[in-house]
Amino acid sequence: MAKRLLDCTASDLVSFGKKELLESMAGCEGRVMVSETIGITQPLLNDVTNAEYAAALGADVLLLNMFDVQKPVIQALPKVLPENTIRELKRLTGRVIGINLEPVDPRLAASNDGTLWQMSDGRLATAENAVRAADMGVDMILLTGNPGNGVANAAIVDALRKIKAAAGDRVILAAGKMHGAGVLSQSGASVMTQDDAKEFIDAGADIVLVPAPGTVPGITVEAVHDLAGYVHKRGALLMTAIGTSQEGADPGTIRQIALWCKMAGADLHHIGDTGVPGMALPQNILAYSIAIRGERHTYHRMALSINR
């Protein structure tokens, strides 16, 4: 077994491949903190990337939303060649880096034209973009959908198969939705079913993502617990997600959701990127981390030097 992620230094992670990373996450027994950030918006600290800020608050995995692999932009990152964007972020944070790719319905996604969520070619869930991401040093690709982009579960399965064939041995593949993502028939309690989880895993998903209990109507602790049991029996990991702007709720709400996710069987705990545009409220990343693993492990992650 690989060293558990809770204890890993930056130099440990450099030596890890996909297999070791998955073992390292599983070994934490439900204590992996994933913080989603947006790099194209103005960073909260102006000259510090949102990803660095999230890392400083204890995040183990930095998930980049709205990241275009063809035209990469992370505001406040030192100037580097585009192909070195992810490697530079790794150098600065010493963290596992993931990105979102989206298998959108172009007709529905057009409703986002002119907004923050407007699609670009480099964010599409294609084999070409997945290979490019792997070449850039990305550790994990999450196939999911932003609000209104029209991402259906069947489209995720199709994209998974293609990306698994093209880059599945190089990157961790995660799949699922945090909300309806513009598909009303797959909203609420229908966002994720056991049949969906089966199809995701059969198509190559290493991690199945589901909404955290209390974040989407009808998503209860019991529902996620049942899904977690199935996912674990299939040898995959489960990641719960707060993707409904509740990352901007009060810390008490965040702690409650965190404990529900722990009870339901989450291996990885995701907190979203729009408490304010760009990342969760800083105090909520910290509150969530302390709720699932206590101050000792939270402060250890915060204090551990990237030079170790």
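Predicted model: local features only at pLDDT ≥ 70, side-chain atom pairs only at ≥ 80, totals over all residues.
What follows covers the nonpolar cores, salt bridges and cavities of the structure. Residues are numbered from 1 along each chain as its sequence is written, and side-chain values use heavy atoms, with hydrogens and water left out.

Start with the packing. A nonpolar core here is a set of buried Ala, Val, Leu, Ile, Met, Phe, Trp, Tyr and Cys residues joined through side-chain atoms within 4.5 Å; buried means under 20% relative accessible area, exposed over 50%, and partly exposed in between (1.4 Å probe, protein chains only). The largest core has 71 residues, and Leu64, Ile99, Ile141, Leu143, Leu160, Phe200 and Tyr288 have the most contacts inside it. Beyond its neighbours within four places in sequence, Ile141 is in contact (heavy atoms within 4.5 Å) with Ile99, Leu101, Ala130, Ala133, Val171, Ile172, Leu173 and Ala174. Apart from this core lies another, of 26 residues, including Leu22 and Met239.

On to the charges. With a salt bridge taken as a side-chain nitrogen of Lys or Arg within 4 Å of a carboxyl oxygen of Asp or Glu, the structure holds 14. One of them pairs Arg293 with Asp60 at 2.6 Å, N to O. Helices (H or I, at least four residues) and strands (E, at least two) are DSSP runs, numbered from the N terminus. Arg293 sits in helix H11 (residues 282-303) and Asp60 in the loop between helix H3 (50-56) and strand E2 (61-65), 233 residues apart. Both ends are buried, Arg293 at 7% and Asp60 at 2% relative accessibility. Glu128 and Arg132 also pair up, at 3.7 Å, four residues apart within helix H6 (residues 127-136). Here Glu128 is exposed at 54%, while Arg132 is partly exposed at 33%. Shared partners join Asp60, Arg293 and Arg301 into one salt-bridge network.

Last come the voids. A cavity is a set of points on a 1 Å grid over the protein atoms alone where a 1.4 Å probe fits but cannot get out, and lining residues have an atom within 4 Å of a point. Volume is the space filled by probe spheres set on the points, which are joined across faces, edges and corners. There are two cavities of 30 Å³ or more. The largest, of about 50 Å³, has Arg95 and Arg301 among its lining residues.

How values were computed
1 Å grid on protein atoms, 1.4 Å probe; cavity = no way out; pocket = protein on both sides within 12 Å on 5 of 7 lines; lining within 4 Å.
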